[in-house]
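Here is a short briefing for a reader who is new to this structure. Look through the model, then go on to the points below.

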Amino acid sequence: QVQLVESGGGLVQAGDSLRLSCLASGRTSGRYSIGWFRQHPGNQREFVAAVSWDGGNRQYADFAVGRFTISRDTAKNTVHLQMNTLRPEDTAVYYCAADPVVYPNQVTRTRYEYDYWGQGTQVTVSS
């Protein structure tokens, strides 16, 4: 079992930045890719970004390219999501998730592949 805890959400104005963190604990000795997803009220969770176990493979949703950066500190079991130039439409609950993988550079955008999820952190961007 892997436990995930997100932090760093909050209320900001359009154009501001936030840095979300995802701390993993428990059975972290295995290989896991980490993904960030977000959920708007009434909608399904959508992919935001993901990073492979070795940190070398990073993928982003189209809306995140150029604004968001995902990074991984394996020694600290932490993954960060730096979000810049935030927009009101970025308002959502942000979740991190862990996907057990075989290959160190493996990563997926598909939420059904992720076995472990955090409780989420609210991000609100005012116009």
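A residue is buried under 20% relative accessible area, exposed over 50%, and partly exposed in between, with a 1.4 Å probe and protein chains only. By that scale Thr85 is partly exposed, because its relative accessible area is 46%. This is a predicted model: local features need pLDDT of at least 70, side-chain atom pairs count only at pLDDT 80 or more, and totals for chains, interfaces and linings use all residues. Residues are numbered from 1 along each chain as its sequence is written, and side-chain values use heavy atoms, leaving out hydrogens and water.

**Overall fold**
- The protein chain has 11 strands and 0 helices. Both are DSSP runs numbered from the N terminus: helices are H or I with at least four residues, strands are E with at least two.
- The radius of gyration is 14 Å, close to the 14 Å from the globule rule for 127 residues, so the chain is as compact as a globular protein of that length. The radius is taken over C-alpha atoms, and the rule is 2.2 Å times the number of residues to the power 0.38.
- The C-alpha atoms fill a box of roughly 40 × 25 × 25 Å along the principal axes.
- Of contacts between residues at least 6 apart in sequence, 60% join residues at least 24 apart. A contact means heavy atoms within 4.5 Å.

**Inside the chain**
- Buried residues make up 41% of the 127 residues.
- The largest nonpolar core holds 28 residues. Such a core is a set of buried Ala, Val, Leu, Ile, Met, Phe, Trp, Tyr and Cys residues joined through side-chain atoms within 4.5 Å.
- Leu4, Trp36, Ile70, Leu81, Met83 and Tyr94 have the most contacts inside this core.
- Elements giving two or more residues to this core include β1 (2-7), β4 (32-39), β8 (78-83) and β11 (121-126).
- Another core, of 7 residues, lies apart from the largest one. Ala50, Ala97, Val107 and Tyr114 are among its members.

**Surface**
- The accessible surface is about 6,500 Å², and 45% of this belongs to carbon and sulfur atoms. Areas come from the Shrake-Rupley method with a 1.4 Å probe; for residues, only the protein chains shown count as cover.

**Two loop residues with positive phi**
- Asn77 lies in the loop between β7 and β8. Its phi is near 50°, a positive value in a residue other than glycine. Asn77 is partly exposed, at 30% relative accessibility.
- Thr85 sits in the loop between β8 and β9. Its phi is positive, about 50°, although Thr85 is not a glycine.
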